[in-house]
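Thank you all for coming; I would like to take a few minutes to walk through one model with you. Please have a look at it first, and then we can go through the details together.

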Amino acid sequence: GSGGSNPAWGTILGETREPEDEILPRKDYESLDYDRCINEPHIEVLEGIDNKKAKKYEAIKWILVFAIGVSTGMVGLFVDFFVRLFNQLKFNVVGKSVEECSEKGCLALSLLELLAFNMTFVFIASLLVLIEPVAGGSGIPEIKSYLNGVKIPGIVRLRTFLCKAIGVLFAVSGGLFVGKEGPMIHSGAIVGAGLPQFQSITFRKIHFNFPYFRSDRDKRDFVSAGAAAGVAAAFGAPIGGTLFSLEEGSSFWNQALTWKVLFCSMSATFTLNFFRSGINFNKWGSFQLPGLLNFGEFKCSNGDKNCHLWTAVDLAFFVAMGFVGGLLGALFNCLNKRLSKYRMRNVHPKAKFMRVLESLLVSMVTTVVIFVASMTLGECRDLSSPTSNNTTSTQVTMVNSTIKQFFCPNKTYNDMATLFFNPQEVAINQLFHQDGTFSPVTLTIFFTLYFLLACWTYGVSVPSGLFVPSLLCGAAFGRLVANVLKINIGMDIYSGTFALIGAAAFLGGVVRMTISLTVILIESTNEITYGLPIMVTLMVAKWTGDFFNKGIYDIHIKLRGVPLLEWETEVEMDKLTASDIMEPNLTYVYPHTRIQSLVSILRTTVHHAFPVVTENRDNEKEFMKGNILISNNIRFKKSSVLTRAGEQRRRCQSMKSYPSSELRNVCDEQLGGQPAGDNQDILEQMLERR
């Protein structure tokens, strides 16, 4: 999300004004090391490794990958369990009071009860984000940046993980239009970064002497495995998770990693499946609930020969829906970008508590809208007969148990309340499988309200996913199309398919993912024949949306000022040479630079890598500082400025990134009261801070 990543956020936002009046934070991000850093300590470690040890490391890697998968599955289980618990509590209390009040006319009371529940939950979620601002939003933009090689401060810390997991549980229970799937990906990535470290910055007591997978390269591999496991647990889609990690995330990938990542995803999915099936159905050892988000089964009943899930004629409609989905997604992203910029200007620079107030405002508006819309705009619809043609009996009972009867006579139900007064996953299942129709008016109103509120909610400082709201919004749009075709044109179609394609079109238009999203949706529906329609729809949606703007995650990465390297370069860039973009005034050091000057260099720059140069003694007079630095008479030597002990210490401890402005203050305080003799310590402290 657009929550700030550091205390100096407000001041930074004030400083940079770009020509188009865009407020982007200053780029205080360090990059991860791409390759292993070859230095003397590392070479010593290498010399101690033989074949036997190498095999042992490989075995440990597999064990860790399995552990990451299982842990991610357990996180999903934890979140799901509590969301279910809170939702049942909330809907039972409020439902009872609505049914009593519809006779006595005390509806204001029911609304107050609902408000009390929702605002309490959202308040807790928002407070957790105040503790750790990086935990806001869905976390996918940050993980995408991390896997691209940019280190965002605090993103894979244990504290972030706790705030994220507990926060998302309250945000979803609080009735906000957010999903718990996006944050699952972030949580998985943090588990992946943390488990193989065997140490924690948050809890310093946790510290095992196991210094192997500490290099950025190994850590990044585990993070991509963790992110994949998060997707797999969220949607029950192990292959989709692997592809997500490959497509969206990593710019560094190798073959051995593919197999490990798939293994990790599988272990996550089946851990979650095993425990959820056991807890919900009391059948341990049967695997019936793959992911947090289940789409149910799409199939025609056995007797009906004329029913098809989709036909070639429908493909034309799917392409059209993809086009509309792309347009709607582009509109969503455009509104959300405007809103996020407004937030950065007007909410974030103010006191931090303003963010909590904003979350509470969103919560209040959402609750009132849900309540009023359900009570006044819903229509009473007939329950379809259970002998209907295209659902199995178990599904009918499942779907029928979640419909809401508010204000409707027996044998009918309130279609608006059925969508609004259920958890989002249930509402999606309703749109996919409910035989009783939803009226076109209801669907239109629901879609509009949901679109606007979801757009406003994404970026508020609570942990929030975007997958489920987009799917629900799109499913309403698809169901609307199906209603028009079925009732007004009289075509014989399967409404569930249209709802699914609508969901795919809208989600594709918002996030612009292709391969991974296709596979995730196929795996969630368990229906391989949907491959072609989903792929065609997503492609059209992506191309249509790309014509206007970027995907929502890329927009948020850009708003945070992360220097992300794109896959494709602009054509203009092919014409540039290195000298066009080089920095003429380079900061560099000599092998024997004094510590005093190193401290002053660190105080005046924002990065922590400098070229070490040696002069060529013969033509000394040609040597000039300044612009002609990289001329032939200078040999670059990659030698370390630090002593070896310092180097080792610096490598072992995870570096903390601080924005330079804050760093300067720290150094000034320390330099003020200390004699020059302690400079060595100051230098080491500064490097560790970075």
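This is a predicted model: local features need pLDDT of at least 70, side-chain atom pairs count only at pLDDT 80 or more; totals for chains, interfaces and linings use all residues.

The side chains of Asp554 and Lys144 meet in a salt bridge, with 2.9 Å from N to O. This pair links distant parts of the chain, as Asp554 sits in helix H21 (residues 552-559) and Lys144 in helix H5 (residues 140-147), 410 residues apart.

Let me step back to the whole chain. It has 26 helices and six strands, and buried residues make up 53% of its 690 residues. Among contacts with a separation of 6 or more, 79% are between residues 24 or more positions apart. The accessible surface comes to about 31,200 Å², and carbon and sulfur atoms account for 61% of that area.

If we take Phe467 and set aside residues up to four places away in sequence, its contacts include Ile140, Phe235, Met513 and Tyr553.

Which residues of helix H23 are buried? In this helix, which spans residues 595-604, they are Leu598, Val599, Ile601 and Leu602. Seen down the axis of H23, the buried residues fall within an arc of 160°, so they line one face of the helix.

Another buried position is Asn273, with a relative accessible area of 4%, in helix H10 (residues 255-281). Leaving aside neighbours within four places in sequence, Asn273 is in contact with Phe287, Gln288, Leu289 and Pro290.

Coming back to the charged pairs, a search of the whole structure finds 11 salt bridges. In one of them the side chains of Arg84 and Asp80 meet at 3.8 Å, N to O; being four residues apart in helix H3, the two are separated by about one helical turn. Arg84 is partly exposed at 35% relative accessible area, while Asp80 counts as buried at 7%. Asp80 and Arg84 are also linked with Arg276 in a network of salt bridges.

In a further salt bridge, the side chains of Glu358 and Arg343 meet at 2.8 Å, N to O. Here, too, distant parts of the chain are linked, with Glu358 in helix H12 and Arg343 in helix H11 (residues 312-346), 15 residues apart. Glu358 is buried, with a relative accessible area of 15%, and Arg343 counts as buried at 1%.

Finally, on the surface, Phe123, Leu127, Phe353, Met354 and Leu357 form a nonpolar patch, with about 400 Å² of accessible area together. Helices H4 (107-131) and H12 (353-376) each supply at least two of its residues, and H12 gives the most, with three. Leu127, which is placed in helix H4, is partly exposed, with a relative accessible area of 32%.

Conventions. Residues are numbered from 1 along each chain as its sequence is written. Side-chain values use heavy atoms; hydrogens and water are left out. Buried means under 20% relative accessible area, exposed over 50%, partly exposed in between (1.4 Å probe, protein chains only). The arc is that of the directions from the helix axis to the C-beta atoms. Contact means heavy atoms within 4.5 Å. Accessible areas come from the Shrake-Rupley method with a 1.4 Å probe; for residues, only the protein chains shown count as cover. Patches are made of residues with over 30% relative accessible area and no salt bridge: like charges are joined within 9 Å, nonpolar side chains (Val, Leu, Ile, Met, Phe, Trp, Tyr) within 5 Å. A salt bridge is a side-chain nitrogen of Lys or Arg within 4 Å of a carboxyl oxygen of Asp or Glu.
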